[in-house]
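These are my notebook entries on one protein chain, written down in the order in which I looked things up.

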Amino acid sequence: VLSFRAVESQSEGQCAPVDSLWRRYSEFELLRNYLSVTYPHIVVPPLPEKRADFVWHKLSADNMDPDFVERRRIGLENFLLRVASHPVLCEDKIFYSFLMQEGGWKEMVNETGFQLKADSRLKALNATFRVKNPDKRFTELKHYSDELQSVISHLLRVRARVADRLYGVYKVHGNYGRVFSEWSAIEKEMGDGLQSAGHHMDVYAASIDDILEEEEHYADQLKEYLFYAEALRAVCRKHELMQYDLEMAAQDLTSKKQQCEELATGTVRTFSLKGMTSKLFGQETTEQREAKIKVLEEQIQEGEEQLKSKNLEGRDFVKSAWADIERFKEQKNHDLKEALISYAVMQISMCKKGIQVWTNAKECFSKM
């Protein structure tokens, strides 16, 4: 459960009552599903993971673990900030009501009927395999999103293994501390130095828990882009669906034009069961044929208008989607660069900590 306070509305110029709002993870899922369906051309920010994944073995994978719950809370706040900073999503009334209304916002979501606009998985699968002229840019983007997800997954696995080793290296220094402490008990001149060195080792061993907890935050930054890869693919799938609908409409229009031509000329260009039936049981009357031609001509006119509309819709989608994808790429490059630098700085800090503990130990030994 996430709690946050309502903020001042800049668009209305009025302050909402200062009060805490409570939102469950499922409510965030509902909001994001609504945004994904309503704005298919936008790379909608992802939610943080519901249950911990890619964790080093000493860390609890329990989704009720306090440290994990806190990181997820930060992730949910980050999701809200991502949406609020998006030039289009920030203007959405449902998003505004999610931030400002304690109750009733779910009813507002359901009244939009967004679930009816959601494309079925079967249709999406058909589009993936049956589109004849896919847009090369979206095909390449889909491939890139797959590769990005794969690379970040590998990076997170490597990082988890490194965290396991670091944990072991740090904790084993506690053994140095224990041995030096035991040794100091039987020495007079060397006792103080050994005990001091042991203390430094104990402090070093205990510090790893906080260090690896901090490291989890950097891992969460990488995980966000692991999930962003799926958001990229969702935009690509939507384009495939639009292209599929366009090609099906064009195919249907061509078929109707052919039927109309066959009826008008009395010649059948392609084999059909219906054509064979006409030959066996007699031809249609002129009136029947003319009535069918009229219906087909109306359908052809309607089909041409639909095709024109779908073409315009497709061009608008590509223009809007590509503008948002370029915005996302710029954001991604900035964020990942920052996350990797921060991770490197943390590793450098850990190495310095190791040097410092042995420098301190050396000084302790020198004073014996």
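**Entry: R327.** R327 is partly exposed, because its relative accessible area is 23% and the scale calls a residue buried under 20%, exposed over 50% and partly exposed in between (1.4 Å probe, protein chains only). Leaving out residues up to four places away in sequence, R327 touches V43, H86 and P87, a contact being heavy atoms within 4.5 Å. R327 and H86 are 241 residues apart in sequence, yet their C-alpha atoms are 9.6 Å apart in space.

**Entry: what I am reading.** I note that this is a predicted model, in which local features need pLDDT of at least 70 and side-chain atom pairs count only at pLDDT 80 or more, while totals for chains, interfaces and linings use all residues. Residues are numbered from 1 along each chain as its sequence is written, and side-chain values use heavy atoms, with hydrogens and water left out.

**Entry: the whole chain.** Of the 368 residues, 38% count as buried. Among contacts between residues at least 6 apart in sequence, 78% join residues at least 24 apart.

**Entry: the cores.** Which residues touch the most other members of the largest nonpolar core? They are V43, F138, I152, V235 and I325, out of 23 residues, where a nonpolar core is a set of buried Ala, Val, Leu, Ile, Met, Phe, Trp, Tyr and Cys residues joined through side-chain atoms within 4.5 Å. Helices α7 (136-184), α9 (208-265) and α11 (286-366) each supply at least two residues of this core, and the largest share, ten residues, comes from α9. V43 itself, neighbours within four places in sequence aside, is in contact with residues including Y228, V235, I325 and R327. A second, separate core has 22 residues, among them Y39, L76, V83 and V109.

**Entry: salt bridges.** I counted on the search of the whole structure, which finds 22 salt bridges, each a side-chain nitrogen of Lys or Arg within 4 Å of a carboxyl oxygen of Asp or Glu. R71 and D220 meet in one of them, at 3.1 Å from N to O, and this pair links distant parts of the chain, with R71 in helix α2 and D220 in helix α9, 149 residues apart. R71 counts as buried because its relative accessibility is 6%, whereas D220, at 21%, is partly exposed. Both belong to a network of salt bridges that also links R159, E213, E215 and E216. R73 and E70 form another salt bridge, at 2.7 Å from N to O, and both lie in helix α2 (residues 66-85), three residues apart, about one turn of the helix.

**Entry: S207.** Is S207 buried or exposed? S207 is buried, since its relative accessible area is 17%, and it is found in the loop between α8 (191-206) and α9. Residues up to four places away in sequence not counted, S207 touches Y170 and K353.

Terms used: Helices (H or I, at least four residues) and strands (E, at least two) are DSSP runs, numbered from the N terminus.
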